[in-house]
Amino acid sequence: MGARRMFAGLLALLVLLVTAWGALALWFQLTRPWALGFGVLWCLLGVSAITVLLVAPAQRYWRQALLACAVGVVAIGAWWQGLTPSHERLWADDVARLLEPHVDGDIVTLVNLRNFAWRSETDYTARWETRQYDLRKLESADLILSYWMGPHIAHTLISFGFSDGRKLVLSLEIRKERHESFSAIGGFFRNYEQVIVAADERDLVRTRSNARHEQVYLYRLRARPEQLRAVLLDYLARAERLRHQPEFYNTLTSNCTTILFELARRIEPGLPLDWRLLASGHFAEYAYDHDALTPDLPYAELQQRGHINARANASDSDGTDFSRAIRTGVPGIERP
C-alpha cells in the first residue's frame, strides 16, 4: 500500500506540472476570453486526474484518469507545435524594422540601424539609418549590463569600438507588438519573436540610463581584434538568419545573455555552463572569473567604477559626448 501511494503521489505531481504548464501556455497564447475558457477546462481535467490518483482506493480508476490526461496532452501538444513565429505583426516602433547586414570583405554595411532620439520611454523621434563600418578599425568591445528588475536580472549588450571613435551596439531583444510589454514568464511560452537590434549608443544605451532610469554598468572586455571581428560577424550572421527565418524568444535558452555565451564559446570552447548565465545580473561577474574583464582589480571596484548613470545624465546637460562621458574612469579604457 505504501509503494502504491508513493507511485500515485509521483503521478499526481507529474500531472500537476503538466497542468500548470498547459494553463500558462493557454494564458499567454490565447486572447483573454478564450484563454480563460480553455484554461478552466484544462485545469479541471488536471485537478480531476490528481483527485482520482490521490483519493481513489483502487488503481482501476487511474487508467481512465490517465487516459483522459493523455488525450488532453496530445491535443495541447499538437496545438503547441502548430505555433509558428512570424514577421507579419503590428510591431512596436522601436522593433518595427529588421537589421539588414551586408558584409563585403572588411566593409560592413548595416541597413536599418536604429538611432532614435529618446526624450522619455514613450516620447521619441524614430530614426532608421544606413551606416558603414570598416572591420580593420575594430579595436575594442565593452560589456554593458542594464538592471531593470532587481540585482539578479539584467539586459546584456555589447558595444564594439572602432579606431575612428564610432561605437556600434548590438542587442538581442524581444520583438514586441504594439500592445505588448515584456514578461519573463511569457518568454517561456512563445509569446514573443526575437530580434537583433544594431544601434547608436545614444539610442540603445542612453534610453536605458536616461529615459528608463535603469541602472547601467559598463566593463571593458579583454579580447584581440580578430576575436572581436569573429563575434561581430557571428552577431550579424544571426541577424541575417532572423531576417529570413523568424524565431521565438525564450527566456531560458535564447535570450540576450545566452547569445553572448554562445558567441564566446566559439572563441573559447572550454567555457563552462554556470548559474550566472540564467541570473543575467551576475553575468559580468562570470566574465570576470574567466579573465574576460580588466585584470588586477577586484570585481567590486570594476562594478563601482563602471556604473555610468551619473555620467550619462550629466552628458545631457553639459554637452559632453555621450560615449566618451560614460567611459570616463572605467578601468581598462585609456583616457581620451
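## Basis

The model is predicted: local features need pLDDT of at least 70, side-chain atom pairs count only at pLDDT 80 or more, and totals for chains, interfaces and linings use all residues. Residues are numbered from 1 along each chain as its sequence is written, and side-chain values use heavy atoms, without hydrogens and water.

## Strand β10

Buried means under 20% relative accessible area, exposed over 50%, partly exposed in between (1.4 Å probe, protein chains only).

β10 pairs with strand β6 (residues 138–147). The sense is antiparallel, over six bridges; pairing requires at least two DSSP bridges. L143 has Y219 of β10 as its bridge partner.

## Helix α10

Helix α10 covers residues 309–318, and N309, A312 and S315 are buried there. They span an arc of only 125° around the axis, so they lie on the same side of α10. The arc is taken from the directions from helix axis to C-beta atoms. Exposed A310, S317 and D318 sit on the face turned away from the buried side.

The cover over the buried residues of α10 includes α5 (206–211), β10 and α11 (322–327). Contact means heavy atoms within 4.5 Å.

Conventions. Helix = DSSP H or I, 4+ residues; strand = E, 2+ residues; numbered from the N terminus.
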